[in-house]
Amino acid sequence: MQYQAFLIKYGEIGVKGKNRHVFEDTLVSRIRSALDAVEGTFAVRKENGRIYVEAEGDHDDEDTLDALSRVFGIVGICPVVLTRDEGFDALAAVVLDYIKTEFAQHADRGFTFKVVTRRARKNYPMDSMEISAALGERILDVYPNCAVDVHAPQVTLHVEIRNQINLYSRTVKGPGGMPVGTAGRAMLLLSGGIDSPVAGYMTAKRGVKLDAVYFHAPPYTSERAKQKVIDLAAIVARYAGPIRLHIVNFTQIQLAIYDKCPHDQLTIIMRRYMMKLAEHFAQEDEDLGLVTGESIGQVASQTMQSMAVTNEVCSMPVYRPLIAFDKQEIIDISEKIGTYETSILPFEDCCTIFVAKHPVTKPNLKSIRKSESHLEAVIGPLFEEAVATAETIRVSAKEE
């Protein structure tokens, strides 16, 4: 059957205090934006602690559910039948018609079920237990092969007595989290690897709006490597909304570091200048922090000592949502959100091209600063050139 309405359930928002309406309004806005990509016209409204999406005409249920299931802040989407209160007999008729339509293949041979009633409108003449019991009796009268099972039913039929009566039996899981835009902005250091897109996804899940910066190193990295990162940003944008992506030419800075600094420190020094550039663009974009895909001990530049030395160049906070994840946990999330297959495409980024054979894993800050002093004569103009020649594009969601 084609549903004309979807009940949206949220989690954390429900425990907010006097500013709860701000989170609800942001969630409504994000839902509307997500539905722009779905064929059809939809109305989104709030009503007594509930959010409803109502289709105004033809639409595809699965496309609608797919779009809604990527909106942070939603914990469940219920395809729902809305009906007016015209008395119990009319309600029972709607329930029986629902079962006939929704479970036609199973009704004759039978299934176990449970009716759960929530009476939000207390002037209804029957209480919740009475409604559930009476509806159960009507169902058994028509479908004698069915049976009630209150502990582990095959079908749970939810009836909510509100201004309209809600009837549903299916809940599609949402991503949870908080609506994007309720927690400020942050700058994601986005590479072509597995980790950073997942870090962006997890940060956006906490309500943070994302900007991103990618360090390109032509001719050592190809245009296909650049396009790979744009594609990853577009996949993350399915969840996070449009992303402002800064593409920074990092070649000359890398060559200067390679030429003037000890090779076992290449990765750390290169990383420090990436952080400086990322912070420059973050300040321009009025972001409140930097986000990386680092995880403790995963590679040489992600030891505790290395990250401490990297942090030293930043005045902004650096958020690392994957800090305690192992690689398989990160891969599992990347597969779930759809970035994995793009991330493993064999187009190398600038970090892998200029990696040292034997990188230092416990860098000393004084030693790193001394090595960076060899760059003093050239690094200023190179930094300014990298900023001036950066390309900024707006990346919107890439549909599957």
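Entry 1: I started with the second largest cavity, which holds about 30 Å³ of space. For the record, on a 1 Å grid over the protein atoms alone, a cavity is a set of points where a 1.4 Å probe fits but cannot get out, and lining residues have an atom within 4 Å of a point. Grid points are joined across faces, edges and corners, and the volume is the space filled by probe spheres set on the points. I found I99, F103, F111, F113, I139, V155 and L157 lining this second largest cavity. By class that lining has seven nonpolar, no polar and no charged residues (Ala, Val, Leu, Ile, Met, Phe, Trp, Tyr, Cys and Pro count as nonpolar, Asp, Glu, Lys and Arg as charged, the others, Gly among them, as polar). The count of cavities of 30 Å³ or more comes to two.

**Entry 2: ground rules.** This is a predicted model, where local features need pLDDT of at least 70, side-chain atom pairs count only at pLDDT 80 or more, and totals for chains, interfaces and linings use all residues. Residues are numbered from 1 along each chain as its sequence is written, and side-chain values use heavy atoms, with hydrogens and water left out.

**Entry 3: overall dimensions.** Along the principal axes, the C-alpha atoms fill a box of roughly 85 × 40 × 35 Å.

Technical notes:
1 Å grid on protein atoms, 1.4 Å probe; cavity = no way out; pocket = protein on both sides within 12 Å on 5 of 7 lines; lining within 4 Å.
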